[in-house]
Amino acid sequence: MIELHNVTVGIAGRSLVRGIDLCIGDGEFVAILGANGVGKTTLLRSLCGLHPVKTGEVRIDGTSISALPASERARRVAFVTTDDALTDALTVRDVVSIGRFAHHRWWQWSPRGDDDGAVDRALGAVRMSDYGKRLFATLSSGERQRVWIAMGVAQTTPVLLLDEPTSHLDVRVAHAILALLRELARAGTTVVCVLHDLNDAAAYADRLMLLGCERLLAFGPPDDVLRPDLVENAYGIAMHAISTDHGVRIFPVTE
């Protein structure tokens, strides 16, 4: 369980989102939405302790994230972002294996008995089982994105945080990744990710967190959050919502 109590986050002395109080349950899939620059990534980084909150407290299973040693945080929370630094000379399998370091003591560099299986399952989950020996540098941007997600899956933590996991992906692969995250949530992993496509978020997430105007505008099921007035307030563009057999879908109003 992730709990936020009166959390305010910001950067460079400026507050981005103020006074957030909410709880994300075990096995929930939550998507963070909002315009560029409103604090989505900053909030996500605060959930795993990589960015300090300005006020309030983030708790993981009742324990303040700031009180957990880095090694323990890494066993509880996996954070997936795109950072190609120092990875171009590695194979795909080597990159995914980095996720297993959270389960090693600092002096243990040789593989553990369960590492290979975890890496195999992670590569299979993102449909890259045949890419293990490829150099990371030879991959397309979309393929690299899938490798980063596999690294987070291989970490086998109860909480998985992802920053824009479908950027650079074509529509088929993007939906495959979102379906994978949906499956992980059903199996008990708490998944929280930043998304830009409102309708993708509505199709796959249990609840949506809509940020804007330096606050949490809404947090709840897609049908409650993707109201035209709320979305227009967040993005500054008139929107139109329609109800379908698969839930609400929302589109810009065009002349």
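1. The largest nonpolar core holds 53 residues, among which Phe-29, Val-96, Leu-181 and Leu-226 touch the most other members. Such a core is a set of buried Ala, Val, Leu, Ile, Met, Phe, Trp, Tyr and Cys residues joined through side-chain atoms within 4.5 Å, where buried means under 20% relative accessible area, exposed over 50%, and partly exposed in between (1.4 Å probe, protein chains only). Helix α6, residues 171-186, gives this core its largest share, eight residues. A second, separate core of 29 residues includes Val-38, Leu-47, Cys-48 and Val-159. In soluble globular proteins, nonpolar side chains tend to be buried together.

2. Two remarks on the basis of this note: the model is predicted, local features need pLDDT of at least 70, side-chain atom pairs count only at pLDDT 80 or more, and totals for chains, interfaces and linings use all residues. Residues are numbered from 1 along each chain as its sequence is written, and side-chain values use heavy atoms, with hydrogens and water left out.

3. As for the overall fold, the protein chain comes to nine helices and twelve strands, where helices (H or I, at least four residues) and strands (E, at least two) are DSSP runs numbered from the N terminus. The radius of gyration is 18 Å, close to the 18 Å that the globule rule gives for 255 residues, so the protein chain is as compact as a globular protein of that length; the radius is taken over C-alpha atoms, and the rule is 2.2 Å times the number of residues to the power 0.38. Taken along the principal axes, the C-alpha atoms fill a box of roughly 55 × 40 × 35 Å.

4. Buried residues make up 50% of the 255 residues in the protein chain. Among contacts between residues at least 6 apart in sequence, 62% join residues at least 24 apart.

5. Thr-81 lies in the loop between β6 (77-80) and α3 (92-97), and its relative accessibility of 29% makes it partly exposed. Apart from neighbours within four places in sequence, Thr-81 is in contact with Trp-148 and Asp-163. Thr-81 and Glu-164, which are 83 residues apart in sequence, lie 7.5 Å apart in space, C-alpha to C-alpha.

6. Asp-61, in the loop between β4 (55-60) and β5 (63-64), has a phi near 50 degrees, a positive value in a residue other than glycine, and counts as partly exposed at 49% relative accessibility. Arg-127, in the loop between α4 (115-125) and α5 (141-154), has a positive phi of about 60 degrees although it is not a glycine, and is exposed, with a relative accessible area of 55%. Most residues other than glycine have a negative phi.

7. Asp-116 is found in helix α4 and is partly exposed, with a relative accessible area of 46%. Asp-116 and Arg-100 are 16 residues apart in sequence, and their C-alpha atoms are 9.3 Å apart in space.

Methods. Contact = heavy atoms within 4.5 Å.
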